[in-house]
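Please open the model in your viewer and keep the selection tool ready. We will go from one stop to the next, with something to select each time.

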Amino acid sequence: AEYQQTATEHRAATGAARDELMKKAQGQSDAAIEAFAHAIALTEGNAAYDQIRPQLMQALEWHYKFRHDGSADGMQKVIDKYKKPAGPK
C-alpha cells in the first residue's frame, strides 16, 4: 500500500520532489523484493501455501523486474538465500 501511494505521488510530482519520490519507491520496492522472496522460500514445499505462492511469485517478479531493467535474472538467487539449509541425511 505504501508503494502504491508513493507511485501515485510520483506520477503527480515534478522536479526534485519527483526524484525523491522515485528513490523512496525504489527503496520500498527493494523491501518488497526481500519480503516476497523470504515468504516464497519459507512456503516452498508446503501444500498449505500452494494457493498463495503464485501470487507471491507474481508480486516478486513485478518488483524485481522494476528494479532490474525488466529482467528476472538473479531472482531465484534472492529466493534461495532465504531457504533453510538441508538437514543431515
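What follows is a short walk through helices, aromatic rings and a loop.

**Before you start**

This is a predicted model, in which local features need pLDDT of at least 70, side-chain atom pairs count only at pLDDT 80 or more, and totals for chains, interfaces and linings use all residues. Residues are numbered from 1 along each chain as its sequence is written, and side-chain values use heavy atoms, with hydrogens and water left out.

**Stop 1**

Helices here are DSSP runs (H or I, at least four residues; strands are E, at least two), numbered from the N terminus. Axes are lines fitted to C-alpha atoms, for helices over the stretch in contact, with angles running from 0 to 180 degrees between N-to-C directions.

The crossing of α1 and α2 is left-handed; that is, the near helix is turned anticlockwise from the far one by less than a right angle, whereas clockwise would be right-handed.

Now show the side chains at this contact (heavy atoms within 4.5 Å). On α1, pick Glu2, Tyr3, Thr6, Glu9, His10 and Arg11. On α2, pick Arg18, Leu21, Met22, Lys24, Ala25, Gln28 and Ser29. Coloured by class, the contact of α1 with α2 shows four nonpolar, four polar and five charged residues. Ala, Val, Leu, Ile, Met, Phe, Trp, Tyr, Cys and Pro count as nonpolar, Asp, Glu, Lys and Arg as charged, and the others, Gly among them, as polar.

**Stop 2**

Is Thr6 buried or exposed? Thr6 is buried, at a relative accessible area of 2%. The cut-offs are under 20% relative accessible area for buried, over 50% for exposed, and in between for partly exposed (1.4 Å probe, protein chains only). Setting aside neighbours within four places in sequence, Thr6 is in contact with Leu21, Lys24, Ala25 and Gln28.

Move across to Gln28, in helix α2. Gln28 is buried too, with a relative accessible area of 15%. With neighbours within four places in sequence again left aside, Gln28 contacts Glu2, Tyr3 and Thr6.

**Stop 2: an aromatic cluster**

Next, select Tyr3, Trp62 and Phe66, which form one aromatic cluster. The whole structure holds three aromatic pairs. Rings of Phe, Tyr and Trp (its six-membered ring) pair if their centres lie within 6.5 Å; planes under 30 degrees apart are stacked, over 60 edge-to-face and the rest tilted.

Look at Tyr3 with Trp62: the ring centres are 5.6 Å apart and the planes meet at 75°, so this pair is edge-to-face. Tyr3 is buried at 13% relative accessibility, while Trp62 is partly exposed at 45%.

Now turn to Tyr3 with Phe66, an edge-to-face pair with 6.1 Å from centre to centre and 75° between the planes. This pair also links distant parts of the chain, with Tyr3 and Phe66 63 residues apart. Phe66 is partly exposed, at 30% relative accessibility.

**Stop 3: helices α2 and α3**

Keep α3 selected and bring back α2. Their axes come within 9 Å and cross at roughly 145°, and the crossing is left-handed. Residues to show on α2 include Met22, Ala25, Ile33, Phe36 and Ile40; on α3, they include Leu56, Met57, Leu60, Tyr64 and Phe66. By class, the contact of α2 with α3 has 14 nonpolar, four polar and three charged residues.

**Stop 5**

Finally, select Asp69, in the loop between α3 and α4 (75–80). Its phi is near 50°, a positive value in a residue other than glycine. Asp69 is exposed, with a relative accessible area of 80%.

Ser71 is in the loop between α3 and α4 as well. Ser71 is partly exposed, at 24% relative accessibility. Which residues does Ser71 touch, not counting those up to four places away in sequence? Select Tyr64 and Lys65 to see them. To end, draw a line between the C-alpha atoms of Ser71 and Glu61: they are ten residues apart along the chain and separated by 8.9 Å.
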